[in-house]
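Thanks for coming. I will go through one structure today, starting with the overall picture and then a few residues.

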Amino acid sequence: MKGNEEVVKLVNISKRYYLSSSVYVDALINVNLSIRRGEIAIVMGPSGSGKTTLMNIMGTLDKPTSGRVIIDGVDVTDADEKYLTRFRLERLGFVFQQYNLISQLTALENVMLPMLLTGRYTKDEAREKARLLLELVGIGEFANNRPSQLSGGQQQRVAIARALANDPSFIIMDEPRAP
Ligand SMILES: Nc1ncnc2c1ncn2[C@@H]1O[C@H](COP(=O)(O)OP(=O)(O)OP(=O)(O)O)[C@@H](O)[C@H]1O
Ligand SMILES: [Mg+2]
């Protein structure tokens, strides 16, 4: 695989939120953005400037009002939710501010879950890869802890390991600071 492909391309993206039939907020106006494989892009701006809106659109969690969203060369702007659910599972990684770990599962099981959902890994393969990912982010020794038995920073690293589980094209992190 070449190293310089565009993994994200946003073309003239606008997002208008309607608060009522006549009151609206233009959260994004004609945004053009290209991110290539291996690049790290940081979005900075004041509260309310549209950062989360931008990331939700980039992550196919929300649709733009106008413009095109192209991920890995695939135009996903009009794709339906069923397609996008699979697309996100296989190609994107998310680390949310609240990490969204599953509290009943151990760190290891949280990281295994996206792999098992694809049907592409046996349980043993998923367990092995999850162990490696937890070691990679420096918390291999906490594999059997549940989220409530981990510090905020350790939970964050579980979330990062989980985001990497299916070798995504890119990872989206919205204010992923450790508490
Ligand atoms: N679901 C929504 N309905 C209506 N307006 C919204 C909605 N989501 C966001 N907005 C508005 O869109 C604008 C951009 O919001 P967004 O959450 O993208 O900002 P942000 O840059 O992530 O801010 P913060 O730094 O506070 O997280 C804001 O004016 C916000 O009020
Ligand atoms: Mg935000």
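Predicted model: local features only at pLDDT ≥ 70, side-chain atom pairs only at ≥ 80, totals over all residues.

First, the overall picture. The protein chain has 5 helices and 6 strands. Reading from the N terminus, the order is β-β-α-β-β-α-β-α-α-α-β. The radius of gyration is 18 Å, close to the 16 Å from the globule rule for 179 residues, so the chain is as compact as a globular protein of that length. Along the principal axes, the C-alpha atoms fill a box of roughly 50 × 35 × 30 Å.

On burial, 38% of the 179 residues count as buried. The accessible surface is about 10200 Å², and carbon and sulfur atoms account for 52% of that. For contacts between residues at least 6 apart in sequence, 61% join residues at least 24 apart. On charge, there are 22 positive and 20 negative side chains, and the centres of the two sets lie 2 Å apart.

Next, helix H1, residues 51-58. Why call H1 largely enclosed by the rest of the structure? Because 6 of its 8 residues are buried. Those are Lys51, Thr53, Leu54, Met55, Ile57 and Met58. The cover over these buried residues includes strands S1 (6-18), S2 (24-36), S3 (66-71), S5 (92-95) and S6. After H1 comes Thr60, with a positive phi near 60°.

Further along, in the loop between H1 and S3, is Pro64. Pro64 has a relative accessibility of 14%, so it counts as buried, the cut-off being under 20%. Apart from neighbours within four places in sequence, Pro64 is in contact with Ile13, Ser14, Lys15, Ile57, Val69 and Thr77. One of these, Ile57, is among the buried residues of H1. As for distance, Pro64 and Thr118 are 54 residues apart in sequence, and their C-alpha atoms are 27 Å apart in space.

Now a residue in another loop. Tyr99 lies between S5 and helix H3, the latter being residues 107-118. Its phi is positive, near 65°, and Tyr99 is not a glycine. Is Tyr99 buried or exposed? Tyr99 counts as buried, at 4% relative accessibility.

Asp167 is exposed, with a relative accessible area of 55%.

Ser169 is in that loop too, between helix H5 (152-164) and strand S6 (170-173). Ser169, however, is buried, at 17% relative accessible area. What does the side chain of Ser169 make a polar contact with? The partner is the side chain of Asp72, at 2.5 Å. Setting aside neighbours within four places in sequence, Ser169 is in contact with Val7, Arg37, Asp72 and Arg91.

Methods
Residues numbered from 1 in each chain as written. Chains lettered and ligands numbered in written order. Heavy atoms only, no water. Helix = DSSP H or I, 4+ residues; strand = E, 2+ residues; numbered from the N terminus. Rg over C-alpha atoms; globule rule 2.2 N^0.38 Å. Buried < 20%, exposed > 50% of the residue type's maximum accessible area, 1.4 Å probe, protein only. Contact = heavy atoms within 4.5 Å. Areas by Shrake-Rupley, 256 points an atom, 1.4 Å probe, with all protein chains shown as cover. Lys, Arg positive; Asp, Glu negative; His and termini not counted. Charge placed at Lys NZ, Arg CZ, Asp CG, Glu CD. Polar contact = N/O pair within 3.5 Å; in protein donor to acceptor, adjacent residues only side chain to side chain.
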